[in-house]
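Please have the sequence and the model at hand while reading.

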Amino acid sequence: MGMNAWIQKNQHLRGNPITMKKVFVFVFFSLLASATLPGQQSQSNQELTFRGVATLSGQAGMIASQVGLEVQPNHPGHNAADVRPAMKGGLALGRQSLRVPTLSGQAVVSPDPGFSGFPGLTHYDQRFANSGNQVSLEPPDQGLCVGNGFVMEAVNLALAVYDSSGTRVSGPAALSPFFGLPPVIDRSTGVRGPFLSDPRCYFDPDMQRWFVSVLEISTDPATGAFTNHSNLHIAVSQSSDPMGSYFLFALDATDDGTNGTPNHTNCPCFGDQPLIGADANGFYVTTNELSLQTNGFNGAQVYAMSKSALAAGTLPPVVHIDAGAISTPDAGGVWYSIQPATSPSHDSQGDAEFFLSALDFFGSLDNRVAVWALTNTSSLKTSSPTVTFKHVVIGSEVYGTPRTNAQQKAGPTPLRDSLGDVDPLEQLASNDDRMNQVVFANGRLWSGVNTVASVGGERRVGIAFFVVKPSLGSSALSASLDDQGYVAVHHEDVLFPSIGVTANGAAAMVFTLSGPDYFPSAAYSPISASAGDVRLASPGIGPEDGSSGYAVSQPNGVSNGGVARWGDYSAAVADGDGNIWIATEYIGQACTDAQYAADTTCGHTRSSLANWGTFIGKLPTCHGADGDGDVAGKNGGSARFHIHENDCNQQQDSEDFSDARSGIDFHSTQVNSVSYDNVAHTVTIAGLGTNNGLPVTFTIVAADSSLVLPGMFSITLSSGYIESGNLLDGNIAVH
């Protein structure tokens, strides 16, 4: 490939009214694709802003006032064409030889034993926080982070904190006052404040600190129309208490040459869908840079800074990389949605932060994934960071922008009925196939995308997921696919995946399940070599009935076909105790036309213009055991055993044992109980089976052969047979 031009810009956080010298630094590099940067070429100066200290407490309470302007203005970014200039230019559709994935689909089953959950923030919570000085927004951009016994949820314009049992202990707090900004609208005067969107949160296991981010676009106070300035706001807690004090920082994302920002084409701009990640050294934000004045897209932007400096309330230099200026494998393509990784443990990450991105530059089909690495991140702790940004493209299963939107089960739609019942039953927008949340765990990167799929002969919205193993040599980045697969349900749709992964690699994916037989529901699927059956975490109670899919909310008043905003993403994260927490949008309420006419909040479960909710769940990670080998037979010789136990896919559990000299030929038919001893590194399995075709009960105890050498296996049958011994050969893994 030819030379890829890119920009590394060192920015410095700026103290607000206090006297601090302004420092502006630009560093220009060029690199070969997937190669090391050859060196620094030039520098200049730039700053960011320190905005003070804030807490979640002290806000006004909930007031269900419906008066005044309701709906936040739309902005570009979520449609496929918004971040794919090649689509707008009418260029050829890329990789036309590829075919839509044909899938058999997973079954929909009950949640796993031990699963628990609770309703999270609702549109009512978000709309009426801060004395109702908020606006109606669809969809609920989902943020979730967990640590120190607390769960934090950030959705659109609101934030709440729960204890581990699901009891709300703080909020809903409006994000505008939390970040020291005017309310998005003052209901008493009609004055509009800055537009906020796409909140994210992260709990850092090393620093024991909470990070919250949000996009801001300046507006005309009289009309609410966007003006010519944007920021990325970052709040960092001063302790492990999410309800304590936070340092506030702002990063100017306008990039029009003002305030020391670079002068990018089509700007002033804003950084849409700010995505956050972290490694042992740095905190990272990536955006999709879109014009505030035209339909221009400048590609992904990458920002890197010292997380320890942020946690201390000091002002680190910030490296800014214009990834949109890096050439792509396809003519006309521009890099978009480069997702940085978070990690449940940074022990194995080394001196690098990893990223993933999709390559469907033409909004069609693709079979490639880009793996990125920012190396020498320890230098972010210095006054002059020197990092390198490299990438490699690897082959993958086929995925592509969904051809359809998600359907939903019919039910009561009081808003639709109040508008004259002229709009169709809404569908859920499936957006596109950009890369979703990335997690680095157990030496691997995990993520997923929405995809078109053929399921039982029907075009449906499905999910493709990837498990990538990156490798950094002295100068080169390489990567390989360790696992991949799909999630789909016959006659239904699944969309907006996020994967949570524990430090030892146990994983589960959360998403919305919807279709002709389901109201929009919260669901998840464990991932172990392949995706397990779809677990119905919390079934929806009614259909989506929000204004975003109705003609009255469209700029020209003409129906968009009844496509409601959904997503734009879910969230999943592992805590320090080995649980995976999930959060996604669903519909957790329903009411009749009469109830809505009497009270448009339907008992504080919705607002007049939207009825979305979120669901937060906790699943203990899947345990399992696998083994094959020989132990001594009861009457001499050897006896052969096989065990396969997976808590998250029990249909495939199987235990077998044969001792020819003792006339034993045992096969399990049903597993009734499984217990694990993490100290002794053993698993105990009990259930029903057959010995030479006759029914028996059984108990098997097995010890991990890598931890308890050379491994141990014992079996007890109700027929009276008992045998136990060390492994003669083979192995047993308890995980």
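Cys 267 has a relative accessible area of 16% and is therefore buried, since the cut-off for that class is under 20%. In this predicted model, Cys 267 forms a disulfide with Cys 269, the two sulfur atoms lying 2.0 Å apart. The torsion about the S-S bond is -100°, and the link of Cys 267 and Cys 269 is left-handed.

By the distance rule applied here, the model holds 3 disulfides. One of them joins Cys 145 to Cys 201, with an S to S distance of 2.4 Å. This pair connects distant parts of the chain: Cys 145 belongs to strand β7 (residues 142-147) and Cys 201 to strand β11 (residues 195-204), 56 residues apart. The torsion about the S-S bond of Cys 145 and Cys 201 is about -120°, so this disulfide is left-handed. Cys 145 counts as buried because its relative accessibility is 1%, and Cys 201 counts as buried because its relative accessibility is 9%.

A further disulfide joins Cys 591 to Cys 602, at 2.1 Å from S to S. Here too distant parts of the chain are linked: Cys 591 sits in the loop between β35 (579-586) and α6 (593-598), whereas Cys 602 sits in the loop between α6 and β36 (613-620), 11 residues apart. With 60° about the S-S bond, the link of Cys 591 and Cys 602 is right-handed. Cys 591 has a relative accessible area of 5% and is therefore buried; Cys 602, at 13%, is also buried.

Note on methods. Residues numbered from 1 in each chain as written. Predicted model: local features only at pLDDT ≥ 70, side-chain atom pairs only at ≥ 80, totals over all residues. Heavy atoms only, no water. Disulfide = S-S within 2.5 Å. Helix = DSSP H or I, 4+ residues; strand = E, 2+ residues; numbered from the N terminus. Buried < 20%, exposed > 50% of the residue type's maximum accessible area, 1.4 Å probe, protein only.
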